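Work through the exercises below with the model open. Try each task before you read its solution.

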Amino acid sequence: MLPNIVDIAEQHGLIVDASSRFRKEVKCKCPFCHEDSKPNKQRKYYLSLNSKDQVFKCWFCGEKGGVFRFISLLEHVDEKDIVQRYRKRNIIHPAEQLNRNQRHLLRQSLGGGSDPDWRRMRERDMAYYKRSLEWLWREWNAFIEHEKQQAYFWLLLGIKTWKYEKYVEHIRQREKQIEVPLLQYVCTMYSLAERPTWTNEVEESVDRMLTEIQMSEMNELRLKGG
Ligand SMILES: [Zn+2]
């Protein structure tokens, strides 16, 4: 079984066009020519991924090929080595690519507990192991979704309070911890002409928080003055 090209794209932090996420043809920003990252091309997504045949093609620079070539270009590793890597793994599930640290962080966010012995589980009961991987992958994606929103919260807070540097550093620290890119993602979201709905919700919560702070400061002043 070939690795899923859309999962590969997401693991490598590519910006996916949300409206195409569950279609056969998923569109994203091309990491090879970056043409669609130009400021006047916010709505363009030149790279198209086909998760049925696991192939890709950029409609601007013409870069194309199968999923192994895709990984090889993204990771700057020889395609032959990539093929071998996957052959060795035998069964491939994106959740199996999460490292110890990432699994630990996920456990923490779910309220603690220790990571099971995955290898033993796999040897004992393959079906159960696969179900557990599915569960892990779902939880991980929800976790990352939340992290992205949190990072977007910090970005807006930084912009609105003129402490941009401080909060960007905050985001950088967090992406180092979870080993998933956040900053580039939230900056792209911020620069979109038409942002997804969740960004509005985050913005409202930032505004609400800032208003509350302002009001309590005014109250304090009033108390001092009176
Ligand atoms: Zn391209």
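The model is predicted: local features need pLDDT of at least 70, side-chain atom pairs count only at pLDDT 80 or more, and totals for chains, interfaces and linings use all residues. Residues are numbered from 1 along each chain as its sequence is written, and side-chain values use heavy atoms, with hydrogens and water left out.

**Exercise 1. The fold**

Task: describe the secondary structure of the protein chain and its pattern along the sequence.

Solution. 
- Start with the elements. The protein chain has nine helices and four strands. Helices (H or I, at least four residues) and strands (E, at least two) are DSSP runs, numbered from the N terminus.
- Read along the sequence. The pattern is α-β-β-β-β-α-α-α-α-α-α-α-α.
- Take the dimensions. The C-alpha trace spans about 75 × 45 × 30 Å along its principal axes.
- Finish with burial. Of the 226 residues, 37% count as buried. Buried means under 20% relative accessible area, exposed over 50%, and partly exposed in between (1.4 Å probe, protein chains only).

**Exercise 2. The zinc site**

Task: find which residues coordinate the zinc ion, and state the geometry of the four donor atoms.

Solution. 
- List the donors. Cys30, Cys33, Cys58 and Cys61 each coordinate zinc through SG, at 2.2 to 2.4 Å. Donors are N, O and S atoms within 2.8 Å of the metal (3.2 Å for Na, K and Ca); water is not among the atoms, so sites may look incomplete.
- Check the angles. They run from 99 to 119 degrees, so the arrangement is tetrahedral. Four donors qualify as tetrahedral if all angles lie between 85 and 135 degrees.
- Read the spacing. The donor residues follow C-x2-C-x24-C-x2-C.
- Cys30 sits in the loop between strands E1 (25-28) and E2 (47-50), and Cys58 in strand E3 (residues 55-58), 28 residues apart.
- Cys30 is buried at 1% relative accessibility. Cys58 is buried, also with a relative accessible area of 1%.

**Exercise 3. Salt bridges**

Task: identify the salt-bridge partners of Asp115, then locate the partner of Glu147.

Solution. 
- A salt bridge is a side-chain nitrogen of Lys or Arg within 4 Å of a carboxyl oxygen of Asp or Glu. The structure holds 13 of them.
- Take Arg103 and Asp115. Their closest N and O atoms are 2.5 Å apart. Arg103 lies in helix H4 (residues 100-109) and Asp115 in the loop between H4 and helix H5 (118-124), so the bridge ties together parts 12 residues apart in sequence.
- Arg103 is buried at 17%, and Arg107 at 16%. Asp115 is partly exposed at 29%.
- Move to Glu147. Its partner is Arg174, with closest N and O atoms 2.8 Å apart. Glu147 belongs to helix H6 (residues 126-160) and Arg174 to helix H7 (residues 164-178), so this pair links parts 27 residues apart in sequence. Both residues are buried.
- Look for shared partners. Lys160, Arg195, Glu203 and Asp207 are joined into one network.

**Exercise 4. The lining of the largest pocket**

Task: state which residues lie nearest the centre of the largest pocket, and which element gives the most to its lining.

Solution. 
- Define the site. On a 1 Å grid over the protein atoms alone, a pocket is an open set of points where a 1.4 Å probe fits, with protein on both sides within 12 Å along at least five of seven lines; lining residues have an atom within 4 Å of a point.
- Name the residues. The lining has 38 residues, and Glu10, Leu14, Glu145, Lys148 and Tyr185 lie nearest the centre.
- Assign elements. Helix H1 (5-11), H6 and helix H8 (183-191) each give two or more residues. H6 gives the most, with six.

Key: Four donors count as tetrahedral if all angles lie between 85 and 135 degrees; four count as square planar and six as octahedral if opposite donors are over 155 degrees apart and all others between 65 and 115; anything else is irregular.
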